[in-house]
2 protein chains.
Amino acid sequence: MKIGILGTGMVGVALGSKLVQVGHDVKMGSRTPNNEKAVTWAKENGAHASYGTFADAAAFGEVVFNCTAGTASLAAVTAAGAANLKGKVLVDVANPLDFSKGMPPTLTVCNTDSLAEQIQRAFPSVNVVKALNTMNCAVMVNPTLVPGDHDVFLCGNDRQAKEKVTEIVKSFGWRSIIDLGDITAARGMEMLLPIWLRLMGHYQSPNFNFKIVR
Amino acid sequence: MKIGILGTGMVGVALGSKLVQVGHDVKMGSRTPNNEKAVTWAKENGAHASYGTFADAAAFGEVVFNCTAGTASLAAVTAAGAANLKGKVLVDVANPLDFSKGMPPTLTVCNTDSLAEQIQRAFPSVNVVKALNTMNCAVMVNPTLVPGDHDVFLCGNDRQAKEKVTEIVKSFGWRSIIDLGDITAARGMEMLLPIWLRLMGHYQSPNFNFKIVR
């Protein structure tokens, strides 16, 4: 599959590298055509890795991952372009964390709305799927980093888009994938971040994950 | 131990009954001195169960559980009385759910504040411990209702108060109790509710719980 990545941070690098490893062609996009981190990433990941602008990555991918900082996501998807994303799957991995008021960060949107819903409303012709935002990026692409069974959540309005994301997530090694329903479930998924951040402080490690026991 | 319960709903009844079962003297308080549900509960729970006003329950208990609806909690604790609660442990089990705008409920406070912090600020001489709010009340008092290992979270500013609550929670059968730190961790605990509500819809059952795997 051809996959676009928006963002050159840790999350974009982790997902982009994993997607190349499992057999996809991946283009990493950023604000500029030759972002240094994107160039380095492409060089390290071989012939199936390339780079370009947000718009280049969006035009390239049939599935596009939003791996930008939550506060930059709407601008990034806007730069990617509605026309380039039309009818495609946008996997929103971002969290709307605001670090500007110190630690711990707060959420820029929550409770009655979410970042994923903001993106879906702004780009109605794109099939937004919220997924993978409730864990560290190392765990995202390597669930065995946390022993035993644990869960990845996803939600979105389009069934086929969620099936496509489910297949990708399974190829990373995930076995327990919980579909929480339509895109409004992203509120709950993004609102997991405050306790996730507390737990990271408590364990002094990001290598943990949520499991729903029943 | 002498324990007060604020609230006569499902949570108050479940906790009050369990606390009597494990050997405590429990007084259930409500707005009126002889609330019908409190009278019935006391009758069904024998000599160690009694009832009265919020103030009666607060004066009676060395530990007091806030089991009122989140939207009524500040008024209930105010009626219980700062003098009656001074130096005592107030276990805040409530969630600030607002059902007035339809389903799903939203939170009346979140992100930069929490119900537990509101109570702690309003009653600085009380040792507020947030605990047990992240699960159904049947699971609270009977963790084996959900098979295997799963977690109960707590937080608060006073170490001894948290130790006292830990002992009580252990007497219910809980083995994994995660202390998230000071009372501001209540934000994350209360913000678990939106995904909890989604999961309840997904599983069509409240008999599940969170486990942190690492």
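In this predicted model, A:Phe153 reaches well beyond its own stretch of chain: setting aside neighbours within four places in sequence, its contacts in chain A are A:Lys130, A:Ala131, A:Leu132, A:Thr134, A:Ile178, A:Leu180, A:Met189, A:Leu192, A:Phe210 and A:Ile212. A:Phe153 also touches chain B, through B:Ile195 and B:Leu199. As for the core, A:Phe153 belongs to the largest nonpolar one, a set of 80 residues. The members that touch the most others there are A:Leu90, A:Phe153, A:Leu180, A:Leu199, B:Phe153, B:Leu180 and B:Leu199, so the list draws on both chains. Nonpolar side chains do tend to be buried together in soluble globular proteins.

On to the interface itself. Chain B puts 35 residues in contact with 35 of chain A, and about 3100 Å² is buried between the two, with carbon and sulfur atoms giving 66% of that. On the chain B side, B:Arg198, B:Val213 and B:Arg214 lose the most area to chain A, together 22% of what that side buries.

The polar part comes to 13 residue pairs in polar contact and two salt bridges. B:Arg198 turns up again here, forming a salt bridge with A:Asp182 in which the closest N and O atoms are 3.0 Å apart. Elements giving two or more residues to this side of chain B are β7 (106–107), β10 (176–179), α9 (186–190), α10 (193–203) and β11 (209–213). Of these, α10(B) supplies the largest share, six residues.

As for confidence, the model scores ipTM 0.97 and pTM 0.98. Chain A has a mean pLDDT of 98, and 100% of its residues reach 70 or more.

Terms used. Residues numbered from 1 in each chain as written. Chains lettered and ligands numbered in written order. Heavy atoms only, no water. Core = buried A, V, L, I, M, F, W, Y, C linked by side-chain atoms within 4.5 Å. Buried < 20%, exposed > 50% of the residue type's maximum accessible area, 1.4 Å probe, protein only. Contact = heavy atoms within 4.5 Å. pLDDT = per-residue confidence, 0-100. Buried area = accessible area lost by both parts, 1.4 Å probe. Salt bridge = Lys/Arg side-chain N within 4 Å of Asp/Glu carboxyl O. Polar contact = N/O pair within 3.5 Å; in protein donor to acceptor, adjacent residues only side chain to side chain. Helix = DSSP H or I, 4+ residues; strand = E, 2+ residues; numbered from the N terminus.
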